[in-house]
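Colleague: I would like to go through the terms used for this model. Please show it to me.

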Amino acid sequence: MLLLGLALPVLVLSSCLPDEDPDECVDFDTTWGYEGEHAPESWDICLADCGGGSQSPIDITGAVPDPDLAPLDFTYHDEPIKLVNKGHTAEFEYEAGSGNVLVFEGEEYELEQFHFHTSSEHTVAGQQYEMEVHLVHKNADKTKAVVMGVLIAQGSENPFLATFIDHIPPTKSSTPYEPGTEVNVADFLPADPGYYTYGGSLTTPPCSEVVTWLLRKAPVEASAEQIERVHELFEFNNRPVQAVNGREIREF
Ligand SMILES: [Zn+2]
């Protein structure tokens with residue numbers, strides 16, 4: 001009788017697991033989203049990695065100053081504007097081998113693209129910002145990524161964003177915006193060199209835990225109209241903060 005009593009709740013629990021039908025996960029790479037059936041809370045049903053112990057974003061709190069950290073070592077050049085609507089965000093894409101690189105803790109990572117989230121994904125001591133930009137860099141064999149996150153607070157018009165923000169293609173896979181002019185993403189970064197760093201994941205499926213995060217401490221500003229340009233196309237495309245699970249957050 002005792003064994004039966006213990007076993008019963010387990011059976012009930014397993015029969016209540018949602019979406020066990022693998023058909024739910026067919027084409028998940030194109031059906032995931034930020035609300036409804038395939039919202040962030042259920043990504044791990046189809047992708048176990050999204051339920052891992054080192055997921056991103058997180059709330060940044062309790063960061064420890066690390067004297068071994070150095071100012072970020074990046075080399076970014078003028079590059080032609082190429083803005084693509086990826087469905088879940090707008091992405092500014094770089095040619096492979098363009099030579100826009102970041103060196104972190106002895107390894108070189110090449111800048112592949114940057115993209116936008118409204119609202120911010122990372123929070124700092126619980127504070128969320130209006131927007132967050134992710135500069136995605138990969139190492140030579142593309143097994144590891146370094147993502148530099150830049151928080152955006154509502155304020156003055158941002159002159160860097162002004163070069164393309166009104167021209168995001170309105171629908172997924174439509175023709176990229178390529179005006180033939182060049183910009184340097186270094187002009188977008190905050191002057192303050194401070195940053196937080198921790199080990200985490202991609203914040204979108206497949207949620208791979210291969211990312212060293214470099215979140216700049218100082219936000220940059222963009223106007224309410226500029227933030228709305230992104231928000232009106234992609235609505236809320238920020239994954240909620242994930243459990244830190246004892247990970248160390250270092251700061252420079
Ligand atoms: Zn992102």
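Modeller: C46 is partly exposed, with 21% relative accessible area. This is a predicted model, in which local features need pLDDT of at least 70, side-chain atom pairs count only at pLDDT 80 or more, and totals for chains, interfaces and linings use all residues. Residues are numbered from 1 along each chain as its sequence is written, and side-chain values use heavy atoms, with hydrogens and water left out.

Colleague: Why is C46 called partly exposed?

Modeller: Buried means under 20% relative accessible area and exposed over 50%, with partly exposed in between (1.4 Å probe, protein chains only). C46 has 21%, so the term is partly exposed.

Colleague: How do you know that C25 and C46 form a disulfide?

Modeller: A disulfide is a pair of cysteine sulfur atoms within 2.5 Å. The S to S distance of C25 and C46 is 2.1 Å, so the pair qualifies.

Colleague: What makes the disulfide of C50 and C207 right-handed?

Modeller: The torsion about the S-S bond is about 85°, so this disulfide of C50 and C207 is right-handed.

Colleague: What makes C207 buried?

Modeller: Its relative accessibility is 0%, so C207 falls under the limit for buried.

Colleague: Why are H115, H117 and H134 called donors of the zinc ion?

Modeller: Donors are N, O and S atoms within 2.8 Å of the metal (3.2 Å for Na, K and Ca); water is not among the atoms, so sites may look incomplete. H115 (NE2), H117 (NE2) and H134 (ND1) lie 2.0 Å from the zinc ion, so they count as donors.
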